[in-house]
Amino acid sequence: MKAVEVIGGYPLNGEIKIQGSKNGILPVLAASILQNGVCVLHNCPDIRDVRETLEILRELGVKCEMRKHTITIDTTGMQNMAIEQEKTEKMRSSLLFLGALLGRFGEAVLGRAGGCNIGKRPADIHMNAFQKMGALIEEQENFIAAKGRLKGADITLRMPSVGATENIMIAAAKAEGVTVIYNAAREPEIIELAAFLKQMGAEIYGEGSTTIIISGVKELHGVEYTNIPDRIVAGTYLLGAVATRGKIRLHQVNHEHLGAVKVVLRQMGAIIQEMPCGIYVNGENAYRPIEKVKTEPYPGFPTDLQSILLSTLAVAEGESMLYENIFENRYLTVAELNKMGADILVDDNKLRISGVDSLYGCPVEGQELRGFAALVVAGLVADGRTRIENKGYAERGYENIVRDFMGLGAKII
Ligand code: EPZ
């Protein structure tokens with residue numbers, strides 16, 4: 001895969017617009033096959049995971065095209081219910097087509113879902129839910145087959161899984177009867193998926209709380225929908241501004257989705273101003289470490305910004321403690337940061353970050369999507385040049401991380 005070379009020492013300064021949300025649009029793309037017609041989706045990010053998902057839709061017989069940031073989908077007459085592993089193994093979100101195909105056809109055959117190297121990522125919560133709704137599930141090494149006319153059920157999640165909550169909402173939208181999800185995830189992307197489904201005619205209540213009620217309907221219809229901004233991309237750039245002691249303004253951001261991130265930035269000494277559709281951060285005096293920060297389900301601090309926060313805390317003035325509570329192995333970037341002079345110790349799910357005066361540029365390797373972004377932030381801070389391999393990881397979720405950071409004054413070649 002390609003590499004980038006970051007020249008450190010330039011505080012971020014400037015303003016850019018934030019792309020549409022990857023984790024907002026992926027469940028919407030899967031859910032769009034519940035209706036037999038046309039959906040038009042705006043503010044879609046032009047990223048690899050979206051392009052791969054359009055390929056999955058085409059394999060299912062869906063006509064779809066992307067022009068700039070608008071995707072037009074026509075599911076009329078689609079008949080295919082199977083997606084080969086060569087496509088599903090590229091991303092975890094392909095699992096959402098299980099609920100969508102069960103919802104449309106009562107049948108699905110899916111290759112095993114893949115995704116970022118951040119943990120085992122089993123799918124037991126998804127499968128247990130579909131079995132409770134009456135689906136027969138056959139799990140083989142390379143594929144999952146599911147069949148059944150879904151019926152509403154009471155489903156308690158053993159943990160507030162984002163994907164499982166989304167998968168159940170999608171499957172329940174046209175199931176017979178009422179489904180109640182207890183201990184549901186509360187992420188903004190869940191609220192947006194509910195909004196999309198309700199625009200299509202679904203009956204959903206309680207999204208954004210821990211209990212979501214879905215009363216199945218017979219038919220759903222095509223809609224025009226606008227995707228939310230990407231809170232993780234926005235958080236990446238805010239953390240980069242604080243790490244480099246810079247000042248940036250981000251447009252097309254829903255700052256309400258960044259509550260826990262704003263708390264952490266202010267604890268470090270950053271000044272933050274919210275605007276109606278944007279946010280300004282001044283990190284000139286943001287030197288403070290953070291005694292304790294935990295990744296948690298929303299509205300807690302997002303696990304997707306954990307590795308990027310490591311880069312920011314790596315040059316804070318003192319010791320910080322970060323607890324990763326969502327994924328059991330989201331630490332692959334630590335070794336790369338320590339190659340650059342960071343002083344990060346991993347003990348089980350506890351990360352102790354001892355701030356250093358400076359990092360130094362050197363060759364490092366991106367290990368996964370958000371870890372690559374963390375290495376770019378570290379490169380912005382480091383003395384000298386940092387060559388970061390495996391840029392393809394970033395292209396899964398960032399439209400153009402180099403363009404964005406350079407738009408904020410970074411020097412990247
Ligand atoms: C979504 O993944 C996001 N992906 C992830 O973002 C994000 O890190 C994660 O939610 C947590 O916020 C998309 O939305 C496409 P989970 P998901 O199910 O749905 C365990 C990024 O960088 N679990 O909430 O897969 C699982 O192993 C990506 O954009 C089970 O044990 O996350 C993990 O430890 C990375 N069994 C925890 O739950 C299950 O059946 C949270 O997973 C399902 C999950």
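A search of the whole structure finds 3 aromatic pairs, where rings of Phe, Tyr and Trp (its six-membered ring) pair if their centres lie within 6.5 Å, and planes under 30 degrees apart count as stacked, over 60 as edge-to-face and the rest as tilted. The model is predicted, with local features needing pLDDT of at least 70 and side-chain atom pairs counting only at pLDDT 80 or more, while totals for chains, interfaces and linings use all residues. Residues are numbered from 1 along each chain as its sequence is written, and side-chain values use heavy atoms, leaving out hydrogens and water.

**Phe196 and Tyr225**
- Phe196 and Tyr225 form an edge-to-face pair, 5.3 Å centre to centre with 70 degrees between the planes.
- Phe196 lies in helix 7 (residues 188–199) and Tyr225 in strand 14 (residues 224–226), 29 residues apart; helices (H or I, at least four residues) and strands (E, at least two) are DSSP runs, numbered from the N terminus.
- Both Phe196 and Tyr225 are buried, meaning under 20% relative accessible area, with exposed over 50% and partly exposed in between (1.4 Å probe, protein chains only).

- Because Tyr237 lies in helix 8 (residues 231–243) and Phe405 in helix 14 (residues 401–407), the pair ties together parts that are 168 residues apart in sequence.
- Tyr237 counts as buried because its relative accessibility is 0%.
- Tyr237, Tyr398 and Phe405 form one aromatic cluster.

**Charges over rings**
- The charged end of Lys292 sits over the ring of Tyr323, 5.3 Å from its centre, where the term requires NZ of Lys or CZ of Arg within 6 Å of the ring centre and within 35 degrees of the ring normal.
- The charged end of Lys411 sits over the ring of Tyr10, 4.7 Å from its centre.
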